[in-house]
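Hello,

Here is the structure I promised to pass on. My notes on it follow below.

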Amino acid sequence: MSNSEIIERDKKTGRFVIGAKPGPGRPKGARSKLGEAFLEDLRDVWDEMGIEALRRCAQEEPGQFVRVMASLMPRDYNINATVGVNSEDVLGAFRSAVAMLGNQAPAALPKLKVIDAA
């Protein structure tokens, strides 16, 4: 190894010093270039075969088709919903429905339990 190829090491641990010399690995931007090239090729195939390719895949290989569709779905859903239900409004609607139908309201309604989801 020549003097120009000596790689710096940490004096305490003996580990290689980060950033001292570019080490092995892909050059910066290589992954994004690969991804961009793949997406361009994918677009070209879509332009050529389009929806017919999806239909053929769904018919001939339904398992693979579902796997691809599932991989395109987001892994996590963040659903924050506030649902306000007024029990008095529900009871009033129930009583109105009973009156419209001409039925007798039950002698005793079950007690409602309020669940606080917050």
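Helices (H or I, at least four residues) and strands (E, at least two) are DSSP runs here, numbered from the N terminus. On that basis the elements of the protein chain run α-α-α from the N terminus on. The count is three helices and zero strands.

Two points on the source. This is a predicted model, with local features needing pLDDT of at least 70 and side-chain atom pairs counting only at pLDDT 80 or more, while totals for chains, interfaces and linings use all residues. Residues are numbered from 1 along each chain as its sequence is written, and side-chain values use heavy atoms, with hydrogens and water left out.

Surface next. Of the 118 residues, 2% count as buried (under 20% relative accessible area; exposed is over 50%, partly exposed in between; 1.4 Å probe, protein chains only). The accessible surface of the chain comes to about 12000 Å² (Shrake-Rupley method, 1.4 Å probe; for residues, only the protein chains shown count as cover). Carbon and sulfur atoms hold 57% of that surface.

There is a nonpolar patch. Its members are W46, I51, L54, V68, M69 and L72, with about 540 Å² of accessible area together. Helices α1 (30-60) and α2 (62-72) are the elements that each give two or more residues to the patch. Patch residues have over 30% relative accessible area and no salt bridge; nonpolar side chains (Val, Leu, Ile, Met, Phe, Trp, Tyr) are joined within 5 Å, like charges within 9 Å. W46 lies in helix α1. W46 is partly exposed, at 45% relative accessible area.

The whole structure has one salt bridge (a side-chain nitrogen of Lys or Arg within 4 Å of a carboxyl oxygen of Asp or Glu). D44 pairs with R43, and the closest N and O atoms are 3.7 Å apart. D44 is partly exposed at 40% relative accessibility. R43 is partly exposed too, at 47%.

Best wishes
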